[in-house]
Amino acid sequence: MEIPQHNLALDLARVTETAALASARWLGKGDKNAGDQAAVDAMRLSFASMDIDGKIVIGEGEKDEAPMLYNGERVGSGRGVSMDIAVDPVEGTQLLAFGRPNAISVVAASPSGTMFDPGPSYYMKKLVVPPEAKNVIDIDAPVEENLIKISSAIGKDIEDLVVFVLDKPRHKDLINQIRKAGARIQLHTDGDVAGSLMAIDPTSEIDVMMGTGGTPEGVISACAIRSIGGEMLSKFDPQKEDEFEAMKKAGINLNQVFSVNELVKSDDLFFAATGISGGVFLPGVKYTGNGAETHSLVIRGKTGTIRYIKSVHNWKKLMRFSAIKYD
């Protein structure tokens, strides 16, 4: 038996809230870098208030040359527990820039040395399912075989399944195979982490996520998926020749299959996500004139507790001292 311990995930929710509040001002304005930069600046300041010795293991920005919290950057006060940190200040910068749904701000943390470093890999193939189906999937099996097993495990007909797939040219064959199997599909232009979270969220209509997305986003997602008890099987899937050559030079085995337990090697996990542009997953930032409302998902891996938090922010009080300009 243990007395209640400090839940770092609640502190991380403040970090994602600040990033969402700052970046949502750029909704639909067509400038993804400006929105991302606003989130990065707000997130960096918010991290400074946390008594942790954090190291960014999964940063953002390298893939598309956007503003970044860079890999290896130290965050927090430097006091307290040493943590690996994964961030995506705006997961779905294109979604934010063009006013599309499901842009979110995401942070995950685990004990130092437990989070997988993707190295030169930018993309990986993923298969994400809720806890009921975690022991029946095989990423190398035919799509229809996986969908049949998943539908049986969660107690649905295959025709009732909804599969999240990124609407990319690389998924043309995957989409055809899913349709041939009889399952339904939700196509999304972006939002790899959001898709993974929807697949394990019992309140979501998504049952499974399939396809190739970002490797850093896969590690971030693994923190939430392991915390809830779901599964994501993944393997490297380089999309460009320079990525393939860099991985080959590094001696990376492209056939290796990863589970969430290999992407993050601890149950002492903390995860937070806040909606920016709204949509089917998390409501977005709503500015009220006198302040704003935000909606966040907060998960603690050790207990498996999931919290949905609605926060009401008051500009009149907040802007008396905040270093981040929200209004």
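Contact is taken here to mean heavy atoms within 4.5 Å, and helices (H or I, at least four residues) and strands (E, at least two) are DSSP runs, numbered from the N terminus. The model is a predicted one, in which local features need pLDDT of at least 70 and side-chain atom pairs count only at pLDDT 80 or more, while totals for chains, interfaces and linings use all residues. Residues are numbered from 1 along each chain as its sequence is written, and side-chain values use heavy atoms, with hydrogens and water left out.

In the pairing of α1 with α2, the residues L12, R14, V15, T18, A19, A22 and S23 of α1 meet G35, A38, A39, A42, M43, S46 and F47 of α2. By class, this contact of α1 with α2 has 9 nonpolar, 4 polar and 1 charged residues, where Ala, Val, Leu, Ile, Met, Phe, Trp, Tyr, Cys and Pro count as nonpolar, Asp, Glu, Lys and Arg as charged, and the others, Gly among them, as polar. The axes, which are lines fitted to C-alpha atoms, for helices over the stretch in contact, with angles running from 0 to 180 degrees between N-to-C directions, lie 8 Å apart for α1 and α2, and the packing angle is about 150 degrees. That angle makes α1 roughly antiparallel to α2, given that angles under 35 degrees count as roughly parallel, over 145 as roughly antiparallel, 65 to 115 as roughly perpendicular and the rest as oblique. α1 passes α2 in a right-handed crossing; a crossing is right-handed if the near helix is turned clockwise from the far one by less than a right angle, and left-handed if anticlockwise.

Both α1 and α2 also give two or more residues to the lining of the second largest pocket, as does β13 (305-314). A pocket is an open set of points on a 1 Å grid over the protein atoms alone, with protein on both sides within 12 Å along at least five of seven lines, whereas a cavity is a set of points where a 1.4 Å probe fits but cannot get out; lining residues have an atom within 4 Å of a point. Grid points are joined across faces, edges and corners, and a volume is the space filled by probe spheres set on the points. The second largest pocket has a volume of about 460 Å³ and is lined by 19 residues, of which R14, T18, S46, L318 and Y326 lie nearest its centre. The most is given by α1, with 6 residues, and the lining as a whole has 9 nonpolar, 6 polar and 4 charged residues.

Helices α6 (residues 192-200) and α7 (residues 215-228) pack at an angle of about 15 degrees, with their axes 9 Å apart, which makes α6 roughly parallel to α7. The contact joins D192, V193, S196, L197 and I200 of α6 to E217, I220, S221, A224, I225 and I228 of α7, and these residues divide into 7 nonpolar, 2 polar and 2 charged.

The structure holds 1 cavity of 30 Å³ or more, and the volume of the largest cavity is about 40 Å³. Its lining consists of L197, I200, D201, P202, I228, L297, I299, I306 and Y308, with α6, β12 (291-300) and β13 as the elements that give two or more residues. By class, the lining of the largest cavity has 8 nonpolar, no polar and 1 charged residues.
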